[in-house]
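This briefing goes through a single protein chain, from its overall make-up to a few local features. Please read it alongside the sequence and the coordinates.

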Amino acid sequence: MGTTLCTAGGFKVCCNDDKQGKKVPDEVVTTFGELTVPMRFDAATGNGYGQPNTAEQDAVSDLSAGVDSQLGDPDSEDEVAHDPSMTKEALNMRKSVVPPKQMNALESRLFLQGLEERGLDVSVWSQEKLDRLFWESHKQQRCMLTQKCPSSGRIKRVLRLVKIRILSDIFGVEHVLFSRLQISIDGSTQHRKQLPLRRLAWKTPEAKFDFDDPKFCQEAAEYTEDWAQGCKRALKDRLGLSFAWQQQHLEEDKFAHTFRIEDNVESASYPGLLSCYAIHEIVFRVSDATHPGVQCLGLPSGQEFATTEGNFEVSYDGGRTNEEIGSQLNLWTWERFTADGMKYKSEATSRNPIKRVPIPSLSGKVLVGIRSRAHRRSADMRPPSPALRVALESRQTDWSRVSLMAGRISDAAYSLSEFYSDLAVFPELDLYLLDGDVVPAALRNMRSTAASSGRTIGDEYQRTVGAFFAIYWLMRLDVDGKEGFSFGVDDEYRPIRPDAGEDRLYPAEKRVKFYRESQWNEFQALMLDAELLVRAADGSLKANPTRVMTLLALTAVHDIMKVQTLLPTVQPEHAPYHDYAAGDMIGDHDEALSYVMDYYPELLPSFNGLSDEEKKSVQFTQCEICFNQGWLVQAEAPPGTILTRFRETLKRTDMQVRKRDVALYFVHWVTDLAGAEPTPLGGCEKFVIKFPLQVLNSFLRSFKVVTLIATQTETQVMEDYLTMRWREHMPSLGPVPKGDDALVKLRLLCMAQTNSEPLLKALALVSKEDLEVLCAELSRTGCLGQSFSAPLVPKSVRATPQGPAFLVYYGPAYLQSLGSDDPVFRLGVLAEVFRLARALWPASAEEAGKSVTVRIDAIKACSDNEMQQAERNLRVWAMVKKNNSEAMVEGLALKELEGLKDSNIDFRVLALKAPRRASKVVRA
């Protein structure tokens, strides 16, 4: 016979007599998760469970930290301080993952036996589900399991939990944050919209409950941890948001707090088990979506981001994994929010302000597979890049599907959504999930010298998709390509029309102007020159599937080496390779890809599957052309770096340089730059919104300027381009400048783009020392025996040519991210970069024909405040010499500088002056 212990909230908690027919004391029955009634395990009779082992509890580490360490270390001391009643021991036991070493096989077996004796069919449960329920109920005390209820004849799982809505304004529209995809450590995925939540911990096993007390299921129940504290811990565990971060950036909507009971719910996680949920729902709003501190949540643009729970790594010991049950990767997204919490339904007058494509769930599963292979083969250090080998070796491209998409790309019936779905055929696209915080540790260890690229998770994936979409639009200009390129698409991926209205076209004036005045014929002529389009007998244009396949494959692989974990190392038999010595890691992502194409093509399935002739076309554009159009149009590099090798390539007699391959390079450059903003659903915004139309038209004309290299010197070609840009600028800047600072002005105009006006004005305010450095270094050519015209450069530079010249990689990006910061400070930082580079590579006449690359990836997106903040956090910005032709600016701790000294690695520390706008600097 059963005895009723509770009748509250619409459910009953019951227990049965034990096997000897004896009544069990209430205080023992109420222990959490104890399906067999006695508290202690009797080895002789097989009854009961043992008390939780406190020594084992103490050993549980804090494994459910969220993402970025900048949000605060999820240290248990922090939680104990906020809730003194929580001991470290209890806190550590309440993590959401199950360390395998904590699982007791005997306890687990008895737990299974107890479930089956009470009529629960667990035959369809995985061992992970069983272990997780045991951990949740018996160890963590996150739920309570009842005996059979008379009304249903079934046992029930009782939980109290907090569910959190985080709201933020994104482009003027309110959005809510949720996890749309959960990927378990075994590779299984769940597609479900899940708000951040936490199961509240029930109090210690020794507690006694009065189950007839109606407070048992009331909002303020005394039997579990405080819901407000549980809410804070949920944000910390699920999203990695420290308590201090929450206090600074989140505001609770106290009037939106609700509480409800959901009883007799069939559990989706545990089939056959009824559940009762007592739910607190809390609403927080991000106080300032533009604050740099909330970028960890994908704000202000509403981009997707990833977090991990538990130890999302695997170590192998004798072939047996030690993975933690419950570990998972979450993909978080922002979605429009209305009062009822449902997704906003599209209307004729609306469009999605978040213009990013969702990261494919298949990519998440691939990440799990890469992670697993990386650990199984952690000792496999085969060149040129163990991480690349692990990620792509044996992967295949579905060429039959590629052929179909290339053949249909110009068809009116072939939609953008179909095209995006078809992009999954390129395995290289999965590698962009390795960028950032979800890089498996085993892959990071394979490339111990790899540094962060400084990009937010998924940004490079979005840019690559944007390049693909630009190809799609340019291949169908006579269908809907002009509209898609200029205005983007709606929620159903349909091109927006030019008469859609201001709210759908924002900024409408720029988009409509681009649509009406862009030189579409120049784009189409370029596609014809590259033989991507061919003219039929009736005069119509048709896609050339073979060439389209080539361009798609090139786009798939082009930027994978921006994931620095994958960068290759030059092998002795291939050294020197483009000035890289044996053992050098190739830091330039274009050079790195060229090296893999030349010597390890089997590691690039989307390149290796092309025909031999098309492979030659790709290698010409990527490797042999030795030309970077972006360096020219942004005046990023000296003329020798940009044009010397290109000139030599065109003059080579051992290869046939075909016009179509040169045109293919320019098409690829255009589409790559068109997708440079990580907003592919918004059209090609880099061109449409970011560039003045006359600048884009100058870019298109620069293709013809480049062809002059056959008859002019490198320096003459670059000077012609720089002066053309100055003359064509609108509004007019007056005559082409003359004097020592003329080249500085000409190059700043191209480097800074839309920020050129404040930076040119600021040039008059920089210190004399900084101006002298800029005038000298920006006037060097990197070409032996060449100089810019006398009126444009300092006499000393022209009279005594010296080198090496410097390419400041991402120098334009640093100037273009000026925003409201101090332009004088930016120019001072640029001068300091040149100054330290010259200290590492002293000027000499013998080096006049050479160039050195200085990478400033780490600071290219930094505000003035962030640059200064590093020093207040006992870190410095240092230029570290990587090899004889490359240096990199890095943010380093003082201890790391000592390590560089001990390793005899040459470096210099940047000396930063305070920005003029001191009020913008946040004091420590």
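Helices and strands here are DSSP runs, with at least four residues (H or I) for a helix and at least two (E) for a strand, numbered from the N terminus. On that basis the protein chain comes to 36 helices and 21 strands. The model is a predicted one.

**Whole chain**
- The protein chain has 924 residues, and 58% of them are buried.
- Of the contacts between residues at least 6 apart in sequence, 72% join residues at least 24 apart.
- The accessible surface is about 37,300 Å², and carbon and sulfur atoms account for 50% of that area.

**Nonpolar cores**
- In soluble globular proteins, nonpolar side chains tend to be buried together.
- In this chain the largest nonpolar core contains 168 residues.
- The residues with the most contacts inside that core are Phe419, Phe426, Phe469, Phe485, Phe627 and Met879.
- Helix α34 (residues 823-840) supplies the largest share of this core, with eleven residues.
- Another core, of 25 residues, lies apart from the largest one and includes Leu177, Leu200, Phe284 and Ile354.
- Leaving aside residues up to four places away in sequence, Phe469 touches Val357, Leu416, Phe419, Tyr420, Leu423, Pro680 and Leu681.

**Helix α27**
- Helix α27 covers residues 693-706, which is 14 residues.
- Because eleven of its 14 residues are buried, α27 is largely enclosed by the rest of the structure.

**Arg780**
- Arg780 sits in the loop between α31 (768-777) and α32 (795-799).
- Is Arg780 buried or exposed? Its relative accessibility is 10%, and buried means under 20%, so Arg780 counts as buried.
- The Arg780 side chain makes a polar contact with the side chain of Glu777, at 3.1 Å.
- Beyond residues up to four places away in sequence, Arg780 touches Pro638, Pro639, Phe788, Gln802, Pro804, Ala805 and Arg838.

Methods: Residues are numbered from 1 along each chain as its sequence is written. This is a predicted model: local features need pLDDT of at least 70, side-chain atom pairs count only at pLDDT 80 or more; totals for chains, interfaces and linings use all residues. Side-chain values use heavy atoms; hydrogens and water are left out. The expected span of a helix is 1.5 Å times one less than its number of residues. Buried means under 20% relative accessible area, exposed over 50%, partly exposed in between (1.4 Å probe, protein chains only). Contact means heavy atoms within 4.5 Å. Accessible areas come from the Shrake-Rupley method with a 1.4 Å probe; for residues, only the protein chains shown count as cover. A nonpolar core is a set of buried Ala, Val, Leu, Ile, Met, Phe, Trp, Tyr and Cys residues joined through side-chain atoms within 4.5 Å. A polar contact is a pair of N or O atoms within 3.5 Å; within protein, one must be able to donate a hydrogen and the other to accept it, and residues adjacent in sequence count only if both atoms are side-chain atoms.
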